[in-house]
Amino acid sequence: MSDTVLIEDQESVRKLTLNRPEKLNAMNAELVAALTAAVQAAGGDDHIAVLVLSGAGRAFSAGADISKSERPEKPTGRQLMARSRHTTILYRTLLESTKPIVAAVHGYVLGGGCNMAMCSDLVVAADNAVFGYPELKVGLAATAVTPPLVHQIGRKAAFELLTLCENINAERALALGMINRITPVDGLIDEAMRLANQLSKFDHDAIWTTKRTIQRAAAMTPLEAMEMASDASLVMNIYKQ
């Protein structure tokens, strides 16, 4: 496993730490691949109930690494497609994880870094967290980061964040529904681990089924969601007998 993502198990909670502090945990190809692999591996580990995602150093993640050392002078179409596909796979892996993901964010939470938080199930933010989407500022379209944000906070609020490129603080993020709670920066990991440990003590199959029901209900009408939830409840009751 790459050292760009550190892995630490505490009983049934697995902590994944983005580990490029000198680059504010900017997302290069190595980090994206390592985090994708780590989340997928946790999904297949029956001992692990919950994941905690955090960043080393002064920031959670400043987003995509757009430094020249990470980008060819004139990328080919294939290179552009591969880069986009790998990042999209990471986001899908986070969204589809069978294990709840608690993101502990601080400092810069920008672009793809903000999207990783939006793809998590719970987000605990330090009081120094700064959220934003700078893609348009650097000549990039906000594409892969858009769907989770739109589903999370709605079209108009998402349009404002994605097109005006104005950073917001943790209080504004909480008001928009992007995060769950705010804590002092020195207590961030403790609070995230507290929530993760609380979740881990529940029946793991019940946690997974609840998460899956929430995910599916978000894409359905209320009546469709009620039917789906009823079917899920029936399956769980049969399984537990």
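Met116 touches Leu18, Met27, Leu35, Leu53, Phe60, Ser61, Leu90, Tyr91 and Leu94, leaving aside residues up to four places away in sequence; touching here means heavy atoms within 4.5 Å. This is a predicted model, where local features need pLDDT of at least 70, side-chain atom pairs count only at pLDDT 80 or more, and totals for chains, interfaces and linings use all residues. Residues are numbered from 1 along each chain as its sequence is written, and side-chain values use heavy atoms, with hydrogens and water left out.

Met116 also belongs to the largest nonpolar core, which has 45 residues. A nonpolar core is a set of buried Ala, Val, Leu, Ile, Met, Phe, Trp, Tyr and Cys residues joined through side-chain atoms within 4.5 Å, and buried means under 20% relative accessible area (1.4 Å probe, protein chains only). Helix H1 gives the most to this core, with 7 residues.

| Core | Residues in it | Including |
|---|---|---|
| Largest | 45 residues | Leu35, Val105, Met116 |
| Second, separate | 13 residues | Val13, Ala49, Ala192 |

Now for the sheet. Its 6 strands form an open sheet in the order S1-S2-S3-S4-S6-S9, with mixed pairing. Strands (E, at least two residues) and helices (H or I, at least four) are DSSP runs, numbered from the N terminus, and two strands pair if DSSP finds at least two bridges between them. At the edges are S1 (5-10) and S9 (181-183), each pairing on one side only. S9 runs parallel to S6 (residues 122-126), joined by 3 bridges, and Ala125 has Ile182 in S9 as its bridge partner.

How values were computed: Buried means under 20% relative accessible area, exposed over 50%, partly exposed in between (1.4 Å probe, protein chains only).
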